[in-house]
Amino acid sequence: MPEVFELPEDNLFNVFNILLLENKHRLVKQLKKCYEPNVHGHKTWSSSFLLMDYFQTEQVLKRTSKVLELGCGWGAASIYCKKNGAEKVTGLDIDENVFPYLEVQAALNDVKIEELKRSYDKLTARQFNQFNLIIGADICFWDDLAVMLEKMVKRALNAGVKRIVLADPGRQPFLDLAERVSGFAKVSLREWYVCDPEYYDGYILDIRPAKAKAKAKAKAA
Ligand SMILES: C[S@@+](CC[C@H](N)C(=O)[O-])C[C@H]1O[C@@H](n2cnc3c(N)ncnc32)[C@H](O)[C@@H]1O
């Protein structure tokens, strides 16, 4: 059974041994006066907890993991990765207003997360080269995001990224993304649930490079 932690103050919660802010926490209320995220980055989304459970169960993280979190928002999954041994973690988001929330949560957990303000479609091969694991929670919620992320996955794998793990409640654009990526990469799409901080279920899409023949086909496409 998990260890019981005494929370240092109200309106925090502990999940997978990291501390996160509830929306009614006094610091969130203060941050909201100055920074208003505008692409749904206004809270920690529960797909982050699916990722944490998957990483723990499948022992995804290594001491050599260099992690890029796409659409990091308040950075819960990034913080989990850094707390659980990843060598380096960068949170990427198109919306700079999410980073102050990420910074407060990172400080609360005594970790450092690098920040990158960028859209998925603007990542270059040189940037992909700095990472061996790309992750993302609740980032594929519009049809055009599925198209953008499919192209990004292709470019990341061609640049040498070894693994991409995405979590989602199971929205249609995410399921479409899984289908499309399976045309050029090795894909596992699994239903997953988590009981911490409460019951939640969804899907984990785990993507790895295809074998050489299929990879050559993807490059030519
Ligand atoms: C639903 S929130 C999920 C946040 C976080 N992953 C979580 O689970 O709490 C989606 C995040 O993706 C970001 N986002 C949306 N479109 C993006 C894009 N094209 N490039 C980078 N980030 C994007 C938003 O700013 C937002 O922070």
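Predicted model: local features only at pLDDT ≥ 70, side-chain atom pairs only at ≥ 80, totals over all residues.
Pro197 sits in the loop that links strands E8 and E9.

**Around the ligand**
- The ligand is surrounded by 22 residues, and the closest are Val39, Gly41, Trp45, Gly71 and Gly73.
- Helix H2 (47-58) and strand E4 (88-93) each contribute at least two residues to the shell.

**The nonpolar core**
- The largest nonpolar core has 62 residues, and Leu51, Ile134 and Val153 touch the most other members.
- Helix H6 (residues 143-158) provides the largest share of this core, with six residues.
- If neighbours within four places in sequence are set aside, Val153 is in contact with Ile164, Val181, Ala185 and Ile207.

**Helix H6**
- At 1.5 Å a residue, the 16 residues of H6 should span 22 Å, and this agrees with the 23 Å between its end C-alpha atoms.
- Ala146, Leu149, Glu150, Met152, Val153, Ala156 and Leu157 are the buried residues of H6.
- An α-helix has 3.6 residues a turn, so residues three or four places apart point the same way.
- The elements that the buried residues of H6 pack against are helices H5 (125-128) and H7 (172-181), together with strands E6 (133-137), E7 (163-168), E8 (185-194) and E9 (200-209).
- After H6 comes Gly160, which has a positive phi near 110 degrees.

- Strand E3 (residues 66-70) runs parallel to E6 and is joined to E6 by four bridges; here Leu68 has Ile134 as its bridge partner.
- E6 also pairs with E7 in the parallel sense, over five bridges, and Ile134 stands opposite Ile164 of E7.

**The E1-E2 hairpin**
- Strands E1 (residues 12-15) and E2 (residues 18-21) pair in the antiparallel sense over four bridges, with Leu19 in E2 as the bridge partner of Asn14.
- Two residues lie between the strands of this hairpin, and Phe16 takes a positive phi near 50 degrees.
- Asn17 is in the loop between E1 and E2, and its phi is also positive, near 65 degrees.
- Asn17 counts as partly exposed because it has 14 C-beta neighbours inside 10 Å.

**Two more residues to look at**
- Most residues other than glycine have a negative phi, and most peptide bonds are trans.
- Gln59, in the loop between H2 and E3, has a positive phi near 50 degrees.
- Gln59 is exposed, because 7 other C-beta atoms lie within 10 Å.
- Tyr200 lies in strand E9 and counts as partly exposed, with 17 C-beta neighbours inside 10 Å.
- Apart from neighbours within four places in sequence, Tyr200 is in contact with Ser46, Phe49, Leu50, Tyr193 and Val194.
- Tyr200 and Leu12 are 188 residues apart along the chain, and 19 Å separates their C-alpha atoms.

Definitions and conventions
Residues numbered from 1 in each chain as written. Near = placed C-beta within 6 Å. Core = buried A, V, L, I, M, F, W, Y, C linked by C-beta atoms within 7 Å. Buried ≥ 20, exposed ≤ 12 C-beta atoms within 10 Å, placed from the backbone. Contact = placed C-beta atoms within 7 Å. Pairing = 2+ DSSP bridges. Expected span 1.5 Å × (residues − 1).
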